[in-house]
Amino acid sequence: MRLVIHEDYEKVSRWTAAYIAERINTHKGKPFVLGLPTGSSPLGTYKELIQLHKAGKLSFANVITFNMDEYAGLPADHEQSYHRFMWDNLFSHIDIDKKNVHILNGMAKDLKAECAAYEEAISAAGGIDLFLGGAGADGHLAFNEPGSSLVSRTRVKTLTHDTRIANARFFGGDPVKVPGTALTVGVGTVMSAREVVIIVTGHTKARALRDAVEGGVNHMCTLSCIQMHQHAIIVCDETATDELKVGTVRYFKGIEGPGCS
Ligand code: GLP
């Protein structure tokens, strides 16, 4: 696993967008399959990707996307749905073909069937080339809350009280208004991607980063599963390293060289 440490969120965003753009631009043949998250972590990266597209340096015409998760019970046009988030913050500003966008439908009559069909669609697309992700303060990946199976696939998950409190800021500050369940890709779904890139920034993620990098693989911090991935990168800012050992930070900075802060 690589740990790429940058000075701040802006540099993390620029680096991550450039990395994804390079992967898309050098991909040959069939469409590039990109897994995507929502949340504040990828927002800067999405802005950078949009700029690269507007500057004529990146096209999404040959890209298929699969989002990580969606709240159960929120219609696509709800202002806090992840459908809405993705169209507002990325898809409306780039040249992606609508039929190449996949986001779980939280309003499906049969949520179990929806999740199974999602896994099938990922397989039919040839699997995910690069899964971009963020992490919760407790180290959750997508909505794979602490205690999730590390080999889980796409399914319905009950959200923890902590996650509902963390996301209450988008629902008028009231955790009760945050949907109690969500559809999410599994830890195993992310692990099946050929490459995984996770953005971890800010002090509130410092413990999650420590547990994921220095702790053992543990279902209480589902992000820690990426220790078992052959091609995984965590991109973080200095603040997120607050709980890491000095030696750990020195080691990874030494590997990555002067490009990192
Ligand atoms: C939610 C999402 C995760 C996301 C996390 C952190 O729980 N399901 O995919 O990584 O929030 O969000 P943020 O990036 O806003 O800190």
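The text below takes up the ligand and then the aromatic rings.

The model is a predicted one, in which local features need pLDDT of at least 70 and side-chain atom pairs count only at pLDDT 80 or more, while totals for chains, interfaces and linings use all residues. Residues are numbered from 1 along each chain as its sequence is written, and side-chain values use heavy atoms, with hydrogens and water left out.

**The ligand**

Around the ligand there are 13 residues, of which S40, S41, D69, H140 and K205 come nearest; a residue counts as near if one of its heavy atoms lies within 4 Å of the molecule. By class, this shell holds four nonpolar, six polar and three charged residues, where Asp, Glu, Lys and Arg count as charged, Ala, Val, Leu, Ile, Met, Phe, Trp, Tyr, Cys and Pro as nonpolar, and the others, Gly among them, as polar. The protein covers 92% of the 390 Å² of accessible area that the ligand has on its own, as computed by the Shrake-Rupley method with a 1.4 Å probe.

**Aromatic rings**

A search of the whole structure gives eight aromatic pairs, meaning rings of Phe, Tyr and Trp (its six-membered ring) whose centres lie within 6.5 Å, with planes under 30 degrees apart called stacked, over 60 edge-to-face and the rest tilted. Two of the edge-to-face pairs are set out here.

| Pair | Centre to centre | Angle between planes |
|---|---|---|
| W87 and F91 | 5.2 Å | 65 degrees |
| Y251 and F252 | 5.1 Å | 75 degrees |

Burial is judged by relative accessible area (buried under 20%, exposed over 50%, partly exposed in between; 1.4 Å probe, protein chains only). W87 is partly exposed because its value is 23%, and F91 counts as buried at 2%. Y251 is exposed at 52%, while F252 is buried at 11%. Ring pairs also link Y71, Y82, F143 and F171 into a cluster.
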